[in-house]
Amino acid sequence: MTDAELAAHLATVAGKLLLTVRESGVISGKALGIAGDATANQFLCHALRQQRPEDAVLSEEENDDLSRLSASRVWIVDPVDGTREYGEARPDWAVHVGLAINGEAAAGAVALPDAGVVLRSDRPVDVPPAPRQLRIVISRTRPAEQAVGLAEALCAELVPMGSAGAKAMAVIRGEADIYLHSGGQYEWDNCAPVAVARAHGLHCSRIDGSALAYNQADTFMPDLLICRKEHADRVLVEIARLSRG
C-alpha cells in the first residue's frame with residue numbers, strides 16, 4: 001500500500017473498532033471514551049510499526065519518544081479526535097492518521113465513522129461551491145473569540161461542531177466554508193486533516209498566514225486556519241484587523 005492507502009485503511013479499521021466498542025452497550029460516558037482511545041491507539045500504533053518499521057510514530061495516547069525528531073517520516077495519529085463526542089454517542093468525532101515528511105503534512109486520512117466516510121489525501125473529491133452567506137465552523141463548547149469576530153465581519157453564519165477533524169472535513173464536504181481555531185491544538189489534532197484539506201485544494205495555515213510545521217519538539221500548535229483559497233486573503237486580513245483590536 002502507498003502511504004495514503006495505508007492511512008485510509010487504518011483510519012477505516014480503527015473507526016469500525018470504535019463503533020464496535022460503543023455498540024457493545026457495556027461501556028458508556030467517560031469510560032467509553034477511555035476504552036475507545038486505548039483500543040484504537042493499540043491497533044494504529046502496532047499496525048504502523050509493523051507496516052512502516054523505519055518510520056517514527058507520534059500519537060496523542062502514547063508517551064512521546066523524542067527520538068522521532070531525527071526522523072524525516074513521522075506518522076501522527078489521533079485515535080479518537082473528539083473523545084467527548086464519541087463518549088456521548090454524537091456523530092461529530094473522527095479518526096486521524098497523518099504522515100509528516102520533513103515537517104510537512106504530506107499524506108493522511110480522516111475517518112468519520114458515524115457517517116461511514118473516509119476522506120483521504122490520495123482521492124480528493126469535488127468541494128461543493130460556497131453559498132452566498134459564508135459559514136464558519138466553530139467549537140460547540142469553546143467557540144474561538146476570533147472566529148466569532150470574523151463571522152461578524154463577514155456576515156457569516158456560525159456552525160457549532162465537535163472535533164477538529166469533523167470541522168476540517170466539514171469544509172471539504174460543503175457543510176462549512178471556513179474553519180478558524182485559535183484556542184490551541186496539538187499536532188495530532190490537525191496533521192491528518194491538513195494533509196487531506198490540502199489535497200482538496202484548500203488553504204491551510206496559521207491564522208497569521210504562516211506555514212504549519214510538524215514533528216516539532218513542542219507539539220503544541222496555537223492556531224489553525226482551513227478555508228477555500230478564494231476566501232483566504234480576505235479572512236487573513238480580517239483576522240489581522242481583529243488581532244490589532
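# Salt bridges, helix packing and a buried aspartate

Author: Helices α1 and α2 are roughly antiparallel to each other. The model discussed here is predicted.

Reader: At what angle do α1 and α2 pack, and how far apart are their axes?

Author: Two packed helices are described by the angle between their axes and the distance between the axes. An angle over 145 degrees counts as roughly antiparallel, and that is the description given to α1 and α2. Helix α2 covers residues 29–51, and its packing with α1 has an angle of about 150 degrees and an axis separation of 9 Å.

Reader: Is the crossing of α1 and α2 left-handed or right-handed?

Author: The residues of α1 that take part in the packing include Leu-6, Leu-10, Val-13 and Leu-17. Among those that they meet in α2 are Leu-32, Ala-40, Phe-43 and Leu-48. The crossing of α1 and α2 is right-handed.

Reader: How many salt bridges does a search of the whole structure find?

Author: Side chains of opposite charge can pair when their charged atoms come close. For the whole structure, the number of salt bridges found is 16.

Reader: How many residues apart in sequence are the parts that Arg-73 and Asp-3 tie together?

Author: Asp-3 belongs to helix α1 (residues 3–23) and Arg-73 to strand β2 (residues 73–81), so the pair ties together parts whose separation in sequence is 70 residues.

Reader: Which residues are linked with Asp-3 in a network of salt bridges?

Author: Asp-3 lies in helix α1. The residues linked with Asp-3 in the network are Arg-52, Asp-55 and Arg-73.

Reader: Which loops does the pair of Glu-88 and Arg-140 tie together?

Author: The side chains of Glu-88 and Arg-140 form a salt bridge with an N to O distance of 2.9 Å. The pair ties together parts that are 52 residues apart in sequence, because Glu-88 and Arg-140 lie in separate loops: that between α3 (83–87) and β3 (94–101), and that between β6 (135–139) and α4 (145–154).

Reader: What relative accessibility does Arg-140 have?

Author: Glu-88, the partner of Arg-140 in a salt bridge, counts as partly exposed at 42% relative accessibility. Arg-140 also counts as partly exposed, and its relative accessibility is 27%.

Reader: Does Glu-238 count as buried or exposed, and at what relative accessibility?

Author: Glu-238 forms a salt bridge with Arg-241, with the closest N and O atoms 2.9 Å apart. Both lie in helix α7 (residues 229–244), and their spacing of three residues separates them by about one helical turn. Arg-241 is partly exposed, with a relative accessible area of 39%. A residue under 20% counts as buried, and Glu-238 counts as buried, at 15%.

Reader: Which side chain makes a polar contact of 3.1 Å with the side chain of Asp-177?

Author: Asp-177 is in the loop between α5 (164–172) and β8 (178–181), and at 0% relative accessibility it counts as buried. Not counting residues up to four places away in sequence, Asp-177 touches Ala-130, Leu-134, Ile-226 and His-231, among others. Its side chain reaches the backbone nitrogen of Arg-135 at 2.8 Å. The side chain joined to that of Asp-177 by the 3.1 Å polar contact belongs to Arg-228.

Reader: What distance separates the C-alpha atoms of Asp-177 and Ser-70?

Author: Asp-177 and Ser-70 are 107 residues apart along the chain. The separation of their C-alpha atoms is 37 Å.

Reader: What is the relative accessible area of Cys-155, which has a positive phi?

Author: Cys-155 is a residue other than glycine, and its phi is near 55 degrees. Its place is in the loop between α4 and β7 (157–161). Cys-155 is exposed, with a relative accessible area of 59%.

Reader: Is Asn-215 buried or exposed, and what is its relative accessible area?

Author: Asn-215 is not a glycine, although it has a positive phi of about 55 degrees. Asn-215 lies in the loop between β10 (203–205) and β11 (220–221). Asn-215 is buried, with a relative accessible area of 11%.

Terms used: Residues are numbered from 1 along each chain as its sequence is written. This is a predicted model: local features need pLDDT of at least 70, side-chain atom pairs count only at pLDDT 80 or more; totals for chains, interfaces and linings use all residues. Side-chain values use heavy atoms; hydrogens and water are left out. A salt bridge is a side-chain nitrogen of Lys or Arg within 4 Å of a carboxyl oxygen of Asp or Glu. Helices (H or I, at least four residues) and strands (E, at least two) are DSSP runs, numbered from the N terminus. Buried means under 20% relative accessible area, exposed over 50%, partly exposed in between (1.4 Å probe, protein chains only). Contact means heavy atoms within 4.5 Å. A polar contact is a pair of N or O atoms within 3.5 Å; within protein, one must be able to donate a hydrogen and the other to accept it, and residues adjacent in sequence count only if both atoms are side-chain atoms. Axes are lines fitted to C-alpha atoms, for helices over the stretch in contact, and angles run from 0 to 180 degrees between N-to-C directions. Angles under 35 degrees count as roughly parallel, over 145 as roughly antiparallel, 65 to 115 as roughly perpendicular and the rest as oblique. A crossing is left-handed if the near helix is turned anticlockwise from the far one by less than a right angle, and right-handed if clockwise.
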